[in-house]
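Have the model open while you read.

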Amino acid sequence: MNNKIWLIGAGIMAQDYIKVLQGLNKDFVVIGRSENSAKKCEETTGCKVQIGGLEEYLLKKPEICSHAIIAVGVERLYETTKQLLEYGVKNILVEKPGALYDWQFEELNNLANEKASNVIIAYNRRFYASVLKAQEIIENDGGVSSFNFEFTEWAHVIEPLVKAEGVKEKWFLGNSTHVVDLAFYLGGKPKEISSFTSGSLSWHPSASNFSGAGISDKNALFNYQANWESAGRWSVEILTKEHRLILRPMEKLQIQKRGSIAQIFDETIDYRTDEQYKPGLYLQTQNFLNNNFDGMCLLSEQYQMKSIYNKIANYES
């Protein structure tokens, strides 16, 4: 095993990772598929891209990398992760959600256990400067009392997008879980939950209107809602005995103190890294490459959460 890092993908997300890896002064190779995406990536980043995809690259029998980052399309996350696990890669950071279907999560989880590999789902919002500050306040206040979140998606923007089969049908899993993962990360995983859905969209037939409530394993009450056929935005609100912590937009933290109606943006937070790079990505990548997986979403955690996500989104599997 060598210390070189493999970055799989050459699209926009991969380019964000390239910027971080360059900022960290790491030795890495970018593995893309098409000449078109490779050319755009090279022009944008100045970084050479190996063309032909991961399968062709592995046919050359390269020495196993120490870490791999997967930033391909959602529809190819499962197969790419599986290829790397079967090749023997021990540390893999894969873009959310990691896979699309229950059987894919189960297979990857079993394979990761068999290979004794670390597979991490890249929920970069866990590493926002705003979130790190919120965690500090939560700890000082003695924990979370309750929380709420909204994951409204803009259907009129998503509908015309051209995506691979199954991606838009699982849009909640592939996109909205950025919000849901963060809410449950801060407030605790559901130990009881009641979920309700109604409506449907041509591209997301399972539901378009969502609401629910429950209690987390931190004994915090929670509720959520989203209406993809109306107005709204992403948000997470965490309530402690002393503060309401408002992540709306999620990149910034507003604080409301008990006894006050004022909601004030925290100006003491150092946002410089989140402004220089895609927010949360630098710290997430740095920790991953240092084998510091604290606060990261392990594949096993995502596999366990899949049943909750199915319930919220009214998915069958």
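Two strands count as paired if DSSP finds at least two bridges between them. By that rule, strand 1 (residues 5-8) and strand 4 (residues 67-70) of this predicted model pair in the parallel sense, over four bridges. One of the bridge pairs joins Leu 7 to Ile 69 in strand 4.

Zoom out, and the sheet turns out to be open and made of seven strands, in the order 3-2-1-4-5-6-15, with mixed pairing. Strand 3 and strand 15 stand at the edges with a single partner strand each, so one side of each has no neighbour in the sheet.

Helix 1 (residues 12-23) packs on this sheet, and its direction makes about 160° with that of strand 1. Here are the strands that helix 1 touches, leaving out strand 1 and strand 4, whose ranges are given above:

| Strand | Residues |
|---|---|
| Strand 2 | 28-31 |
| Strand 5 | 91-95 |
| Strand 6 | 118-122 |

Now for helix 2 (residues 35-45). Its Ala 38, Cys 41 and Thr 45 are buried. Seen down the helix axis, the buried residues fall within an arc of 65°, so they line one face of helix 2. They pack against helix 1 and strand 3. On the other side, the exposed residues are Glu 35, Asn 36, Lys 39, Glu 43 and Thr 44. Gly 46 follows helix 2, with a positive phi near 75°.

Last stop: Val 179, in helix 8 (residues 171-187). Val 179 is buried, with a relative accessible area of 0%. Among the residues Val 179 touches are Phe 149, Phe 151, Trp 234 and Met 250.

Definitions and conventions: Residues are numbered from 1 along each chain as its sequence is written. This is a predicted model: local features need pLDDT of at least 70, side-chain atom pairs count only at pLDDT 80 or more; totals for chains, interfaces and linings use all residues. Side-chain values use heavy atoms; hydrogens and water are left out. Helices (H or I, at least four residues) and strands (E, at least two) are DSSP runs, numbered from the N terminus. Buried means under 20% relative accessible area, exposed over 50%, partly exposed in between (1.4 Å probe, protein chains only). Contact means heavy atoms within 4.5 Å. Axes are lines fitted to C-alpha atoms, for helices over the stretch in contact, and angles run from 0 to 180 degrees between N-to-C directions. The arc is that of the directions from the helix axis to the C-beta atoms. Lists of a residue's contacts leave out its neighbours within four places in sequence.
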